[in-house]
Amino acid sequence: MQRVFSGVKPSGDFHLGNYIGAFRQWVADQEGHDAFYCVVDLHALTEEIDPAYLRQKSFDAALNLLAVGLDPEVSTIFVQSHVPEHTRLTWLLECTATMGELRRMTQFKAKAHGQEAVRVGLFTYPVLMAADILLYQAQRVPVGDDQRQHLELTRELAQRFNNRYGETFVVPEAAVPEVGARVMDLQHPERKMSKTIDSPLGTINVLDEPSEITRKVKKAVTDTDGEMRYAPDEKPGLANLLSLMAVATGRKVDEVAAGYSRYGDLKRDLAEALVEMLRPVRERAAALASEPGEVEAVLRAGAARAHDIASVTYARAAEAIGLLS
Ligand code: AQP
């Protein structure tokens, strides 16, 4: 069976971009794959975050992963910091990567922009991400479009390590969805929907109430020419709404555009479709919230299984690079 690995950072509440760009694929990939899904809490430390908030969001993240439909009997769900090999392998890979390579990462440039004191961890976190993936010898990594460049770096580091020290890592492939790989902010459609950028009206959270979802969709920014066509560069707000409608209804974007002449009608139907798409997630999350012990048990079992695999890969890499066993 092919192995799948992916992760999510518990830096805030999960939004529609995480759901469409990542979680829907994760759920689909459970069938027929050996799937590992990780709450990457160490990545959340790359920027300022309150300790109590991080702890809460890490737990919430695990609960949300169960709520979106991951089955812990089928998938391994765990927290990154519970498996120490993630940081141990990171060091070996940091001594394989170059400063020039990391400087080219566009996410680093975007996140560091305007910050006075940029954390070293923000610079090196793509290497931690490479370690996350390579530890599990994953062939397939379902991610949104924003993670493509990091996946390329992971592949490059794996190949370099294998060439220099002998076959150690599987070289993974990114699996990016065809539609919805980059869900944009509803108020600022030129930038992606994000957990940490403060845009309350532009971000639909996975657990938003139906009335909230409807309000945000109705207020979404479009344009003034009233022309219904899919043109992401010229009409980014409308293109985002059309893509979301396509994903929520399983239709093609052009087909969706052909079915409407007024923006208001599209928004009304989109709000309804999103409410229905997220309803089961909201219901399962509410049920799980009263069973925190269940979530903790999933994470304990997940960490044990993840550790079994990660410790073998780490030992192999350490041996290959010349560490005394
Ligand atoms: N807007 C998006 N559209 C499609 N996919 C997205 N993903 C994130 N935003 C979008 C995908 O969700 C998965 C988990 O992402 P993450 O939380 O680990 O990190 P991120 O990409 O940095 O997400 P955020 O929301 O922008 O978080 P912050 O604000 O903390 O940096 C990934 O597969 C990602 O591609």
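**Polar contacts, helices and a ligand**

Biologist: What joins the side chains of H43 and Q80?

Modeller: A polar contact of 3.4 Å joins them. A polar contact here is a pair of N or O atoms within 3.5 Å; within protein, one atom must be able to donate a hydrogen and the other to accept it, and residues adjacent in sequence count only if both atoms are side-chain atoms.

Biologist: What kind of model is this?

Modeller: This is a predicted model, in which local features need pLDDT of at least 70 and side-chain atom pairs count only at pLDDT 80 or more, while totals for chains, interfaces and linings use all residues. Residues are numbered from 1 along each chain as its sequence is written, and side-chain values use heavy atoms, with hydrogens and water left out.

Biologist: Where is H43 found, and is H43 buried or exposed?

Modeller: H43 is in the loop between strand 2 and helix 2. Helices (H or I, at least four residues) and strands (E, at least two) are DSSP runs, numbered from the N terminus. H43 counts as buried because its relative accessible area is 4%; buried means under 20%, exposed over 50%, and partly exposed in between, using a 1.4 Å probe and protein chains only.

Biologist: What does H43 touch?

Modeller: Not counting residues up to four places away in sequence, H43 touches K9, Q80, Y125, L128, M129 and D132. Contact means heavy atoms within 4.5 Å.

Biologist: There's another histidine, H15. Which residues is H15 in contact with?

Modeller: Neighbours within four places in sequence aside, they are M193, S194, K195, T203, I204, N205 and V206. H15 sits in the loop between strand 1 and helix 1, and H15 counts as buried because its relative accessibility is 4%.

Biologist: New topic, the ligand. Which residues come nearest?

Modeller: Of the 23 residues around the ligand, those are S11, K111, D146, K195 and T196. A residue is near a molecule or strand if one of its heavy atoms lies within 4 Å of it.

Biologist: Which polar backbone atom is 2.8 Å from an oxygen atom of the ligand?

Modeller: One of G144. A polar side-chain atom of K192 also lies 2.8 Å from an oxygen atom of the ligand, and for a polar side-chain atom of Q147 the distance to a ligand oxygen is 3.3 Å.

Biologist: And how much of the ligand does the protein bury?

Modeller: Taken alone, the ligand exposes 640 Å², and 97% of that is buried by the protein. Accessible areas come from the Shrake-Rupley method with a 1.4 Å probe; for residues, only the protein chains shown count as cover.

Biologist: Helices next. How far apart are the end C-alpha atoms of helix 2?

Modeller: They are 24 Å apart, and this agrees with the 24 Å that its 17 residues (51-67) should span at 1.5 Å a residue. The expected span is 1.5 Å times one less than the number of residues.

Biologist: What happens at the start of helix 2, and just after it?

Modeller: At the start, a side-chain oxygen of D50 reaches to within 3.2 Å of the backbone nitrogen of A52. Just after the helix, G69 takes a positive phi of about 120°.

Biologist: What do the buried residues of helix 2 pack against?

Modeller: Strand 1 (2-8), helix 1 (16-29), strand 2 (33-39), strand 3 (76-79), helix 11 (263-289) and helix 12 (292-321). The buried residues of helix 2 include L54, K57 and S58.

Biologist: Where does helix 12 bend?

Modeller: At H307, by about 25°; the bend is the angle between axes fitted to the seven residues ending there and the seven starting there. Helix 12 has 30 residues and reaches 42 Å from its first C-alpha to its last, close to the 44 Å expected at 1.5 Å a residue. Just after helix 12, G322 has a positive phi of about 110°.

Biologist: Last one, Q137. What is its phi near?

Modeller: Near 50°, a positive value in a residue other than glycine. Q137 is in the loop between helix 6 (120-134) and strand 4 (140-142), and Q137 counts as buried because its relative accessibility is 14%.
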